[in-house]
Amino acid sequence: MKKNVKSLLLLLIISSVIYVIFLTPYISTNQPVVLGFDTQELWGQFIKEYYRLIDQFFLTGELPFYSWNFFLGNNFFAAKSFYVTGNIFVLIGYLFKNLHFFDLQVVLHWMMFATAACTMYFYLSQFKFKEWVKNICCIMFVFSSYAIFFTSQLQFLSFYVLFPLLFGGMEIYFKNRKPYIFILSLALLIFTNYYMVYSLSIFMVIYFTFRYYFINEGFKGFIKSAFTLVLYYIVGALISGVLFVPTIMFITGNSRVGVVKESLWIFEPLSIYFNLLIGMFVPNHTYNLLYERNMFAAWYNYEELNLWCGSLFILLIPQVLHILNKNKKKAVYLLYLVFSIILFVPAFNSMMHGFSEPSFRWTCFIIFMNIYFVALGLDNLEKLNKRKLVYTVIVTSVVLIGYIPFLCLLLKNDLSLLGSTYLDQFKIFLVSVIFIVGFSLLLLSSNKYKKALLIVIVCVEMTTFGYIYYNDALYRTYRIDRDFIRNSTHVLETNENEFNEYLLSLEDENLNQFYRVYVPLDSIYWSYSRNNGVYYNLKGLMTYDSTYTTSFDQMNELINKGDNWWKIEITDGNLVNLFNTKYAVVVDESELPSNVDWRLITDSYRGGLQIYRNDHYRPLGTSYNSAISISEYKNNPDTSLFLSEVITEDNELSEIKGLLSDSVFALENIKYGGNHILASYETPKDSFVVVGIPYDKGWNISVNGQELKKFKVNGGLMGIQVPKGEHVIEMYFTPDGFKIGLICSFTGIVMLLGLVLIRRKKDNIS
């Protein structure tokens, strides 16, 4: 036990020191740690809104379900489970919520690296590996290519640092059939990143099959053991149901699901294959940022390829194959054959990505297995075949030194590019050769400090390439300093909610209205982020987000020919009116959308900003008297029709026409916040109203306790029939599937407790 504590303390110290070294360029220049486009565009805003919703929960008791600040309104609970709502690290980060995101991110990274050291140590502890072996392999795991590259994507890094728990739990199941760690870690992983659990589930089949055969050298009892584990898998999945079920209900309508844009059989460009062939030899995350100076540059999904975990793997895998018996050696060959098929064939790669476009985000599992074999090799170092090691070093060094020059001739037909365009990448290959040779010399030596020196050199190697990545990210990417961030998120206000308070003061009726504000990205938000409105608690007309409310894809289909929208900016004047826009704040009048009746309110807000009022502002809910089908709109695509016609699915046209009347009115006295809207109206006839928020099954809409039917109309907005008279309409939001998910979670917990009781009873009997 004392050895374990000492090892973990050593790993935590080493991980912390290495991470601080990564940060030295940022610390010395007082620059924020901006490691990728999404950290600027998404993460700060997602986390800020989540913490705001948590604050709201503590203040009002309303659960963090709905966000009014994300594009037109968003089922935040389900939509952002991919990013934040189930992420344990983000939840812990709430304790540091007053930090600016880029500083909070540093704290979260440190927590994740420390956690990765602990979870990998737990996994390796299920084997009889020596302590120094576990220490080396944990360091390799913590700072592998995957871990460093995905520091810019907290959802993937969060998953990466936790998933060894699951396989540690599986190893415990192999040994004594206790499933508790397996079940609980699976539930935790689904909460953290359901997307990666899909890939994980496929890998689990591969891992279970490999390890079962590796342990038993046969498949006797395999079906029974696998079937039992599947039942435990179901229990873990049920426990996560409270978040997982609403997420599945939401995400199945996403336009990215099931869409394959590339060939199913051949990657394009062919240079991707050369990256796949060399990826385990060199730290590919270091040249991912080189883009035009990367011989393998391709679409961003292919830049996410990460296979490297250190030079020891390529030196020790031949040694592992040397010491294994025939059956176990066959299992290893088959394992890497399966990996190769999935890597090299886009159709199988797509399978790991939900049968969507190919992706290499699942390659963390290859790294995981590579590190397992490193541990196996180091633990049998006394069986080292020196001749085989020398041969491995020679071949590997020749390949690495000649690889980029060879490709310059083969792919570019120009060797001079080696000294110019691809020189930086070539240098990375040369540094890798130096480490490979250094490790081999140490492995061949009889130095009594060999084990300690191996740990030191592994630390130096991981630090070197991690530092290169962080340093390159600082000087080659976004170059935004702290003053820029502070100023760009405070253009409209000094204190939080100051701008909203100003707008409320302009007109008394603003207190009882729902309205959006048009803000241009470049001048007001300084091109910082399309989600910048979150910082201002502002309902705007733009976003960068692949998890916007999926019903809006109908609008996408009608006005954008179905192209996938991640970056949305509503500038069409008719749509600006449709989405209840009452004010605009600009630097110059020329930035205002046309076809809107703008009136200048002031040209001196905060020393020169212009604020305009839309004098034909449309209230949140407006009655309609005429309807057309989507097919009719496509024959005459004119966005002004959104303002006068209910545009509906062809098969619902006749039903909706029967709900229309000639009554003209709007929703009034609107109170909204948290997960609800209350509004009053008066109409002499049953009428049809289009409400300017996205259609979502989670909305329960009623008048006098009678639930009203919802329709998806006008580009994904909500249409409802309201009864005649003077009434208050009530709208309450609960994510679709939340109640079912709650039942699933309760069922899963009861089943887990049942398993504990059954196991305890059996232990007492025995």
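This passage describes the overall build of the protein chain and then a few local features of its backbone.

The structure is a predicted model, in which local features need pLDDT of at least 70, side-chain atom pairs count only at pLDDT 80 or more, and totals for chains, interfaces and linings use all residues. Residues are numbered from 1 along each chain as its sequence is written, and side-chain values use heavy atoms, with hydrogens and water left out.

The protein chain has 30 helices and 17 strands, taken as DSSP runs numbered from the N terminus (helices H or I, at least four residues; strands E, at least two). Its C-alpha trace spans about 95 × 70 × 50 Å along the principal axes. Of the 766 residues, 60% count as buried, meaning under 20% relative accessible area with a 1.4 Å probe and protein chains only, while exposed means over 50% and partly exposed lies in between.

Most residues other than glycine have a negative phi, and most peptide bonds are trans. A cis peptide bond, with omega of about -5 degrees, joins Glu268 and Pro269; Pro269 sits in the loop between α12 (241-251) and α13 (271-278). Asn537, not a glycine, has a positive phi of about 55 degrees and belongs to the loop between β1 (516-518) and β2 (542-544). Arg606, also not a glycine, has a positive phi of about 50 degrees and is found in the loop between β5 (598-605) and β6 (609-614). Asn537 is partly exposed at 26% relative accessibility, and Arg606 is partly exposed at 37%.
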